[in-house]
Amino acid sequence: MRKRSWGFVAVGLLVALVLAGVVSNYASSHPDGLDSSLLKGCTVNADDEITGGSCPARQAKDHELADSPLADYGIRGVDNGFLSTGLSGVVGVLLTFAVGGGLFWLLRGRRPAGGDGQPAGTDGGARDDRQPAGTAG
Amino acid sequence: METLAMHISNGIINGPVAGVFAAVALAALTFCVLRGRRDLDDRLAPMAGLVAAFIFAVQMLNFPIFTAGVSGHLLGGALAALLVGPWVGALCVSVVLIVQALVFGDGGVAMLGLNITNMALLGTAAAYLLIAGLLRVLPRTPTGLAVTAFVSALVSVVVASQGFVVQYWLGGTTDLGGNLTGLAGTMAGVHLLIGIGEGLITATTVATVAKVRPDLVYALRALKPATAPAPVPAVGGAR
């Protein structure tokens, strides 16, 4: 009947934590698609800092929260880069899950999960896309 | 100033245009909340939280593309649309973008409406339109699902990148000397390559979920194949 998804969610969360906490340290540090497009027309040095020319990226301003303790996916005060990136990733995954999961939990309708094969019943045709048009009137 | 993700930084688009898109995004997200409520139940809500957390994690994983010196990462619109549907999916990507802007200094807070419009709204919408079309015509096999995921993810990234081009046309802070098509072409080309990565990640992830728990893939539940016979209700059954 009703299948629980908590076990699946727990495993998925673990995968996300490993990706953000460990694998993130092996991510490419080259400018991404947007940044590189905006750098067109400028020359950059080995650290991808603008050294000359004119390009849209020259107009970039500092972030409002550039002083945030987690700014740029690091933890201020943690000198070990690997640890700093990894821990910020772990915090980010847990925070995103808490904010997103909390929001979606509050928004969910008060009816049992799934209901495959059951008429949706009381919620006024919210699932009408599940029935092919023209059947069962 | 190091930036990690494909998000618009402060100063790139002017204030008034950013403000307009903030209003657009707010209105669209309100609509997504209203529609998403119908989809959200005890099973989908934790899954949607997981999808948001997973997209946050994978967005940290910039991968190199073939062009030397350029990277890209998952945007997640197609992944979210496949797993939790278009309305909740757009909300998932938005949650990620909001957390990134407010906590990780990634993507200007003033630019949030622009980033949400491109990646959460345009990306997810383009993906779901394709998903809805492809899943109805392709065979209901693991390959059919993987192809759907790959194509919808790839296209959604290019569409999202062109959303930025439109925004730059409206409010870009550097005069391109009328060469907007140059920016459009550069963005499309780079994001086509990033889209291949997006497609591979999306197809792999969705195929894995479909193998373990097919009931947790929204698109498989909600979209019926066009050619398959309609499910026959049990005679004398519950209704």
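Which side chains meet in a salt bridge with an N to O distance of 2.9 Å? The pair is B:Arg213 and B:Asp215, and the points below place this pair in the wider setting of what is a predicted model.

1. Taken together, B:Arg43, B:Arg213 and B:Asp215 are linked in a network of salt bridges.

2. The bridge between chains. Over all chains the structure holds three salt bridges, and the count between chain A and chain B is one. That one joins B:Asp42 to A:Arg108, with the closest N and O atoms 2.6 Å apart. The pair crosses from the loop between helix H1 (15-39) and helix H2 (44-59) of chain B, where B:Asp42 lies, to the segment after H3 of chain A, where A:Arg108 lies. B:Asp42 is classed as buried because its relative accessible area is 18%, and A:Arg108 is classed as buried because its relative accessibility is 11%.

3. Extent of the interface. In the model, 70 residues of chain A are in contact with 78 residues of chain B, and the two chains bury about 6500 Å² between them, with 65% of that area on carbon and sulfur atoms. Within chain A, the residues that lose the most area to chain B are A:Phe8, A:Tyr73 and A:Phe104, which together make up 13% of what that side buries.

4. Composition of the chain A side. Across the interface there are 19 residue pairs in polar contact, counted where both residues are at pLDDT 80 or more. The elements of chain A that give two or more residues to the side touching chain B are helix H1 (6-21), helix H2 (33-38) and helix H3 (81-107), and the largest share, 15 residues, comes from H3(A). By class, this side has 34 nonpolar, 21 polar and 15 charged residues.

5. A:Ser88 is placed in helix H3 of chain A and is buried because its relative accessible area is 0%. Leaving aside neighbours within four places in sequence, A:Ser88 is in contact with A:Leu70, A:Tyr73, A:Gly74 and A:Ile75 of chain A, and with B:Met60 and B:Phe104 of chain B.

6. A loop valine in chain B. B:Val70 is found in the loop between strand E1 (63-64) and strand E2 (71-72) of chain B, and this residue counts as buried because its relative accessibility is 9%. Apart from residues up to four places away in sequence, B:Val70 touches A:His30, A:Pro31, A:Asp32, A:Gly33 and A:Ser36 in chain A, together with B:Phe63, B:Pro64, B:Ile65 and B:Val190 in chain B. The C-alpha atoms of B:Val70 and B:Val190 are separated by 8.3 Å, although the two residues are 120 residues apart along the chain.

7. Overall organisation of chain B. Chain B has eight helices and two strands, and from the N terminus on its elements run α-α-β-β-α-α-α-α-α-α. Of its 239 residues, 60% count as buried, and residues 24 or more positions apart account for 77% of the contacts with a separation of 6 or more.

8. Annotated spans. The unreviewed UniProt entry for chain B annotates "transmembrane region" at residues 12-34, 46-66, 78-104, 116-138 and 144-170. In the model, residues 78-104 of chain B are 93% helix and 0% strand, with end C-alpha atoms 24 Å apart, whereas residues 144-170 are 100% helix and 0% strand, with end C-alpha atoms 39 Å apart. For chain A, UniProt (unreviewed entry) places a "transmembrane region" at residues 86-107, and that span is 100% helix and 0% strand, with end C-alpha atoms 31 Å apart.

Methods
Residues numbered from 1 in each chain as written. Chains lettered and ligands numbered in written order. Heavy atoms only, no water. UniProt positions renumbered as here; feature names shortened; annotations may be inferred. Helix = DSSP H or I, 4+ residues; strand = E, 2+ residues; numbered from the N terminus. Contact = heavy atoms within 4.5 Å. Buried area = accessible area lost by both parts, 1.4 Å probe. Salt bridge = Lys/Arg side-chain N within 4 Å of Asp/Glu carboxyl O. Polar contact = N/O pair within 3.5 Å; in protein donor to acceptor, adjacent residues only side chain to side chain. Nonpolar A, V, L, I, M, F, W, Y, C, P; charged D, E, K, R; others polar. Buried < 20%, exposed > 50% of the residue type's maximum accessible area, 1.4 Å probe, protein only.
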